[in-house]
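Dear colleague,

Please find below the structure for your own work.

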Amino acid sequence: MKRARKPWIIGVAVALAVGIAAAVAVGRSNMQRDKDKAAVTLEFEAREVVRPLWATMPATIEFSGPLVAPDTAVVRAKAAGTLVGLAVQEGSRVKAGQSLGRIDLAELMSRSSERQASADAARAALAQAERTHASNERLAAQSFISPIALETSRSQVDSARAMYEAAVAMLDVSKVSLREAALVAPISGIVAKRHVVPGEKVVVEQTLLTIVDLSRLELAGLVGTHEVPRLQPGMAVQVRVEGVPIPVVARLARIAPVAEPGTRSIGVTIALDNPKETLRAGQYALVRVELADDTKRMTVPLAALSSTSGQDQVWVIGDGALLRRAVTLGRRDEARGRVEVLSGLADDAQVLGVRFDNLREGARAVVVDSKSAKPDLAASDKPTAVR
């Protein structure tokens with residue numbers, strides 16, 4: 001029985017030997033393939049490689065908000081009564097001093113007439129007191145009345161005069177109330193809203209109309225405390241208003257003296273001239289302030305940037321190989337597509353200006369002219385460009 005098992009054992013040993021030999025051969029083949037792949041030289045066209053550019057980078061500050069009309073007037077009722085009629089509609093253009101409507105002022109006029117009568121009665125009483133005092137003075141000169149009686153007569157004149165002056169003052173108040181009760185436009189502009197309708201009973205200080213002057217608009221926004229020192233009243237700014245294709249030029253009118261509690265932001269106000277009244281209050285707008293830069297800065301295209309584990313980096317070609325360079329960034333200019341490099345990059349570095357995937361540090365790389373680039377390079381060996 002032992003002799004019958006030996007051929008089976010020998011067969012297994014032979015099979016194992018053959019499998020091990022095959023695995024070793026496959027491993028050697030893969031290692032050779034990797035070496036061949038590593039030996040492939042990546043060719044980049046000249047237009048895909050850039051050098052750092054020294055240029056100024058104007059800083060920009062942006063904030064947004066709705067346009068408002070600072071010259072806005074609210075017409076209120078100065079007397080209680082029935083609104084007889086309004087001569088304007090929403091959107092009507094008015095001039096300062098123009099009549100806007102009428103309130104039934106029967107009660108106020110009746111009160112004014114009553115005070116007029118009181119003033120007339122007080123005037124008559126004063127005249128009578130003055131005549132009596134004059135007569136008493138003649139009698140006192142002839143010693144027909146005592147000095148005390150004369151003094152009492154003088155006091156009566158003073159009292160009558162005070163009552164007359166008080167009645168006149170009350171009459172003047174009624175006249176002023178009648179004059180102010182007239183509904184007239186306080187400013188020139190456009191009727192933005194009617195808050196009441198004719199026939200409605202109104203009370204004192206009730207809002208009747210809102211009038212806006214659109215010839216000048218403002219926009220209020222917030223900027224960081226670190227940005228305020230670079231702003232000055234009178235600076236020119238660009239305002240892009242929703243629905244308006246062309247930016248509008250405005251100016252920085254005011255800067256708040258204190259920061260907003262909690263946000264630590266500073267309020268700024270933009271003044272916008274609108275002589276043709278093409279813009280409307282309430283439209284949303286974006287303000288862009290460009291700050292000049294006198295310093296030359298090292299910049300690279302934004303497309304050259306990539307990131308690994310949160311660290312910004314660029315790929316460069318040096319000594320015939322791809323090298324990864326960690327960089328520290330500064331200002332960004334999204335409009336021109338460039339970013340400032342503060343450190344980590346040499347002035348004469350050859351930077352890949354286009355983003356590529358599947359790059360490996362240390363891989364052989366060269367820069368070739370577009371016409372001399374090899375068209376038959378295997379697709380699996382070329383880096384994938386994402387543009």
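Leaving aside neighbours within four places in sequence, Leu231 is in contact (heavy atoms within 4.5 Å) with Ile61, Val223, Leu252, Ile255, Val268, Val289 and Leu291. Leu231 also belongs to the largest nonpolar core, which has 28 residues; Leu231, Ile270 and Val289 touch the most other members. A nonpolar core here is a set of buried Ala, Val, Leu, Ile, Met, Phe, Trp, Tyr and Cys residues joined through side-chain atoms within 4.5 Å. Buried means under 20% relative accessible area, exposed over 50%, and partly exposed in between, with a 1.4 Å probe and protein chains only. Two or more residues of this core come from each of β4 (59–66), β13 (216–224), β14 (236–241), β15 (248–259), β16 (265–273) and β17 (284–291). Another core, of 20 residues, lies apart from it and includes Ala79, Leu86, Leu208 and Leu209.

Basis of the model

This is a predicted model, in which local features need pLDDT of at least 70 and side-chain atom pairs count only at pLDDT 80 or more, while totals for chains, interfaces and linings use all residues. Residues are numbered from 1 along each chain as its sequence is written, and side-chain values use heavy atoms, with hydrogens and water left out.

The mean pLDDT of the chain (the predictor's confidence in each residue, from 0 to 100) is 83, and 85% of the residues reach 70 or more. Confidence is highest in strand β12 (residues 207–212), at a mean of 95, and lowest in strand β27 (residues 384–386), at 45. Two stretches call for separate mention.

Overall composition

The chain has 3 helices and 27 strands; helices (H or I, at least four residues) and strands (E, at least two) are DSSP runs, numbered from the N terminus. Of its 387 residues, 32% count as buried. Among contacts with a separation of 6 or more, 75% join residues 24 or more positions apart. The accessible surface of the chain (Shrake-Rupley method, 1.4 Å probe) comes to about 23500 Å², and carbon and sulfur atoms account for 55% of it.

Helix α3

Helix α3 (residues 147–180) has 34 residues and reaches 50 Å from its first C-alpha to its last, close to the 50 Å expected at 1.5 Å a residue. That expected span is 1.5 Å times one less than the number of residues. Leu150, Ser153, Val157, Ala160, Ala167, Leu171 and Ser174 of α3 are buried. An α-helix has 3.6 residues a turn, so residues three or four places apart point the same way. The cover over the buried residues of α3 includes α2 (106–141).

Strands that supply the core

β14 and β15 run antiparallel and are joined by 4 bridges; two strands pair if DSSP finds at least two bridges between them. Ala236 has Arg251 in β15 as its bridge partner. The hairpin of these two strands has 6 residues between them, and Gly243 takes a positive phi near 85°. β15 is also joined to β16, by 5 bridges and again antiparallel, with Ile255 opposite Val268. In that hairpin 5 residues lie between the strands, and Gly262 in the turn has a positive phi of about 95°.

Strand β20 (residues 311–318) is largely enclosed by the rest of the structure, because 6 of its 8 residues are buried.

- The hairpin has 2 residues between the strands, with Ser309 in the turn at a positive phi of about 55°.
- To β21 (residues 321–326) there are 6 bridges, and Gln313 stands opposite Ala326. This hairpin also has 2 residues between its strands, with Asp319 in the turn at a positive phi of about 55°.
- To β24 (residues 350–352) there are 2 bridges, and Ile317 stands opposite Gln350.

A four-stranded sheet

An open sheet of 4 strands has the order β9-β8-β6-β11, with antiparallel pairing. Its edge strands, β9 (183–184) and β11 (201–202), each pair on one side only. Strand β8 (residues 99–104) is joined to β9 by 2 bridges, and Ser99 has Val184 as its bridge partner.

With kind regards
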